[in-house]
Amino acid sequence: MSETVYEASIHRRLDRFPATFPEGRINLKSDRAAVTAEFTRRYQEHLAVFERSQGLLAPTAALAEAAISVLEAGGKLLFCGNGGSAADAQHIATECTIRFETTRKGLPAIALTTDSSALTAASNDLGYEQVFARQVEALGRPGDMLVGLTTSGTSANVTAALVAARAGGLATACLTGRDGGEIAAGRLADHCLVVPSQITAHIQEVHIFLGHLLCAAIDDAFTDRE
C-alpha cells in the first residue's frame, strides 16, 4: 500500500468519528488533562509510600545479608506468591540466576510459581493452599531460604509455605503490606518487610524495589569472585 493510499484510508476511518461530542462528554484535550491530573495524583501517592517505606531499608539490608550467607554456603533461594506477587517472585529469581546489573556467576534461585504441572497437580490433589508448601517440602533443604510475597499477609498458600519452610530448617522471609496480616502477627518469617500502604499496587511497587535492592547486594557480594 502506497503512503498516499494509506493516509487516505486513515482519514476515511477518522471521518467516522464526530467532530463534536454529545452533551456531557469531554473532548480529547480536556480528557487528556483529566487523565494527566489523575496520573499526577497517583505519582504523588507513589512517592509518599516510598517516603514512608524508608524504614524498610535497614531490614532489607539484614535480609540481603542472610540471603548472601545462604548462597555462600551453597544453599538456594526459593520464591513464591500469587498473581502480581508471582510475577515478582519470578522476576527476582531470574535476576539471581541470570543477571541483574553485573556479570557474575549464576546463583541458585527458584520461583515456585512456574511449573504448571506441579501447580495444577498440587491444586487438584492437595488443595491450592498446598501448592507452594509441597514444593518447599520437595525442593527445600536445611540452610536454604524461602521468600514469600503477599501484599495482604494473609495468602493461605504463602503462609503454609513459610510454615513448611521453617519446619524443614529453611530461613524464611516475607514481603508484605497493610498490617502484615497473620504472617507478621504470627512471626512466621525471620525477616518480615511490611510496606506501609493499604493499596495493593503501591505495595507491589515497593516490593519490586526492595527485590532490586536484594539483587544489587547479591551482585556486590558475588561479582569478581570467579
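**Fold, cysteines and charge pairs**

Tutor: Some context to begin. This is a predicted model. Of the chain's 226 residues, 39% count as buried.

Student: How many helices and strands does the chain have?
Tutor: Read the order from the N terminus: α-α-α-β-α-β-α-α-β-α-β-α-β-α. The count comes to nine helices and five strands.

Student: Of the contacts with a separation of 6 or more, what share is between residues 24 or more positions apart?
Tutor: Take the contacts in the chain with a separation of 6 or more. Residues 24 or more positions apart account for 70%.

Student: How many disulfides does the structure hold?
Tutor: Check two cysteines against the cut-off, sulfur atoms within 2.5 Å. The closest cysteine sulfur to Cys-80 is in Cys-174, 8.2 Å away, too far for a bond. For Cys-215 the closest is in Cys-96, at 4.5 Å, also too far. The number of disulfides is zero.

Student: Are Cys-80 and Cys-215 buried or exposed?
Tutor: Buried means under 20% relative accessible area. Cys-80 has 0%, and Cys-215 has 1%. Cys-80 and Cys-215 are therefore both buried.

Student: Which backbone nitrogen does the side chain of Asp-144 reach?
Tutor: Asp-144 sits in the loop between helix H6 (133-139) and strand S3 (145-149). Asp-144 is buried, at 4% relative accessible area. Its side chain comes to 2.9 Å from the backbone nitrogen of Arg-141.

Student: How many salt bridges does the structure hold?
Tutor: Side chains of opposite charge can pair when their charged atoms come close. Here the number of salt bridges is seven.

Student: What is the N to O distance between Arg-41 and Glu-45?
Tutor: Both residues lie in helix H2 (residues 28-52), four residues apart, about one turn of the helix. Arg-41 is partly exposed at 38%, and Glu-45 is partly exposed at 27%. Their side chains meet in a salt bridge with an N to O distance of 2.6 Å.

Student: How many residues apart are Arg-104 and Asp-219?
Tutor: The side chains of Arg-104 and Asp-219 meet in a salt bridge, 2.7 Å from N to O. The pair links distant parts of the chain: Arg-104 is in the loop between helix H4 (84-97) and strand S2 (109-111), and Asp-219 is in helix H9 (residues 200-222), a separation of 115 residues.

Student: Are Arg-104 and Asp-219 buried or exposed?
Tutor: Arg-104 has a relative accessible area of 10%. Asp-219 has 1%. With the limit at under 20%, Arg-104 and Asp-219 are both buried.

Student: Which parts of the chain do Asp-190 and Arg-166 tie together?
Tutor: Their side chains form a salt bridge at 2.9 Å, N to O. Asp-190 lies in the loop between helix H8 (181-185) and strand S5 (191-195), and Arg-166 in helix H7 (residues 156-167), so the pair ties together parts 24 residues apart in sequence: that loop and helix H7.

Student: Which residues do salt bridges with shared partners join into one network?
Tutor: Arg-41 and Glu-45, paired above, belong to it.

How values were computed. Residues numbered from 1 in each chain as written. Predicted model: local features only at pLDDT ≥ 70, side-chain atom pairs only at ≥ 80, totals over all residues. Heavy atoms only, no water. Helix = DSSP H or I, 4+ residues; strand = E, 2+ residues; numbered from the N terminus. Buried < 20%, exposed > 50% of the residue type's maximum accessible area, 1.4 Å probe, protein only. Contact = heavy atoms within 4.5 Å. Polar contact = N/O pair within 3.5 Å; in protein donor to acceptor, adjacent residues only side chain to side chain. Salt bridge = Lys/Arg side-chain N within 4 Å of Asp/Glu carboxyl O.
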